[in-house]
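Reader: I would like to learn how to read strands and helices in a model. Please take the terms one at a time.

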Amino acid sequence: MAPDPLRLLTDVVSRSGDAALALAGRERVRLAVTGLSRAGKTVFLTSLVANLVAAGQGRRTLPGLAATGGALRAARAIPPGVEATPRFEAEAHLAALAADPPRWPARTEDLSTLSLALTLRRGGFYGQVLPDREVTLDLLDYPGEWLLDLPMFGQGFAEWSDETLARLGKGLRAAPAAEFLAFVRALPATAPAEDSLARRGHALYRRFLLTARDELGLRFLQPGRFLNPGPGGDAPVLWFFPVPEAARSSPLGELMARRHEAYLRDQRDRFLDPVFRRFDRQVVLVDVLGALHAGREAFEDTAEALAAISATLRYGRGWLDLLTGSGIARVAFAATKADHVPEVSRDSLASLLSDLVDAPRRRAEIAGAAVTVHPVASIRCTGEATATHEGRPSPAVRGILLESGRWATVDPGLVPARRPPESFWNAAYFEMPVFRPPGLEAGGRGGVPHLGLDALLQSLLGDAL
């Protein structure tokens, strides 16, 4: 599809504004925090903000984030102006973590942004004193379910329907999708475009998606707003579902195709083009451990979702990207909840994620983007421990369980360094408990305990700082 000249002009003007800021001594870096649903994006951003602010006040919260030629003197949230996009409420999330007992922040329900003003000391030659640098760091948070809409932009309704219906008839999906599949397969070639029929199909399809996410741990689920509609709630643009070829030319099938097109247009106009495409740094959060413990199909589903998403992102910085700001120059893939495994297993956790994203990583590197992989715990809520397994000591983690408030020592078992063989899945199913976050100072003034956040930020932002 040819670029919209008006949209291109708007992007160029926006980029020119950034150039003007740079000439005025203020620079801008844009970081999009992306990832599959429940990978911990909100927690990651909350920890990032709190630790940068605390580091700017002299706290040693990010020792691995060494600014080249200078140091972080201050970091503060920029007050909102007249933005139409909701603000990321870091203060409310920190208040939940500082409560008694501490609570995990609420999961993301809508797109939100936050900008930080970073003041950096410049290093001069021979004791020369240089003026401080001012860098604006723009941050983006949005529901992980919406990320799976990106591959849909390269498909028409027929192709999307065929792929989705084929996926629904296999493996774990087949049983919860059975009622919906029976409904669409029974649609006649003359199915009328009746509201009751459209709403019935949509409700059945959405019920399947919720079950697949909440009970089966699957992630490759489209469209994302069926799972998380956002503040706009349920609207007619969402009332569609995949239709088999036999009924696709019916009045109902044509209505579903129009709504599918309208949905993608709405997502592009409200999210993809005006917001997402403007970011030049990206972190992709993945709950590899959760996928591993959910079983073979959930693990393979996560890998497929990562590959599909990565294929839609524009990496590197060509001349058009320099004009529009749409190229991603630095990418970090992060295996979250690294504190849920003992230290000896964290390299394997990162290696497993590296194996999962090998193809998109190579594609990004060929395009000129710098790519790294990290094990990360945005908020560390466990410590090292030893468990006894068949009479032998084994590395474990220890923390307070969220549900009971009691201490527990947990051995998460083997973390393979590569995609596991078939024999791996024959072991008994293991469900990782949810640990309580550590108590924080009010407002997160002392920062947030973490694992690896500073190394990840150094790889993403070190050149800019």
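Author: Start with pairing: two strands pair if DSSP finds at least two bridges between them. Strands (E, at least two residues) and helices (H or I, at least four) are DSSP runs, numbered from the N terminus. By that rule, β9 and strand β10 (residues 407-410) pair in the antiparallel sense over four bridges. This is a predicted model, where local features need pLDDT of at least 70 and side-chain atom pairs count only at pLDDT 80 or more, while totals for chains, interfaces and linings use all residues. Residues are numbered from 1 along each chain as its sequence is written, and side-chain values use heavy atoms, with hydrogens and water left out.

Reader: In β10, which residue is the bridge partner of G399?

Author: A408 is the bridge partner of G399. The hairpin of β9 and β10 has six residues between the strands, and G405 there takes a positive phi near 75°.

Reader: What does β9 pair with on the β8 side, and in which sense?

Author: Strand β8 (residues 383-389) and strand β9 (residues 392-400) pair in the antiparallel sense over seven bridges. E384 has V397 of β9 as its bridge partner. Two residues lie between β8 and β9 in their hairpin, and E390 in the turn has a positive phi of about 50°.

Reader: Is β6 mostly covered or mostly open?

Author: Buried means under 20% relative accessible area, exposed over 50%, and partly exposed in between (1.4 Å probe, protein chains only). In strand β6 (residues 330-335), five of the six residues are buried. Strand β5 (residues 281-286) pairs with β6 in the parallel sense over six bridges, with A332 as the partner of V283. β6 and strand β7 (residues 370-375) are also parallel, over six bridges, and V331 stands opposite V371.

Reader: Why do the buried residues of α5 line one face of the helix?

Author: An α-helix has 3.6 residues a turn, so residues three or four places apart point the same way. In α5 (residues 157-168), the buried residues are F157, W160, S161, T164, L165, R167 and L168. Seen down the helix axis, they fall within an arc of 155° (taken from the directions from the axis to the C-beta atoms), so they line one face of α5. They pack against α6 (174-185), α7 (195-214), α9 (251-272) and α11 (296-310).

Reader: How many helices and strands does the chain have?

Author: The chain has 15 helices and ten strands. Of its 465 residues, 50% count as buried.

Notes
Expected span 1.5 Å × (residues − 1). Contact = heavy atoms within 4.5 Å.
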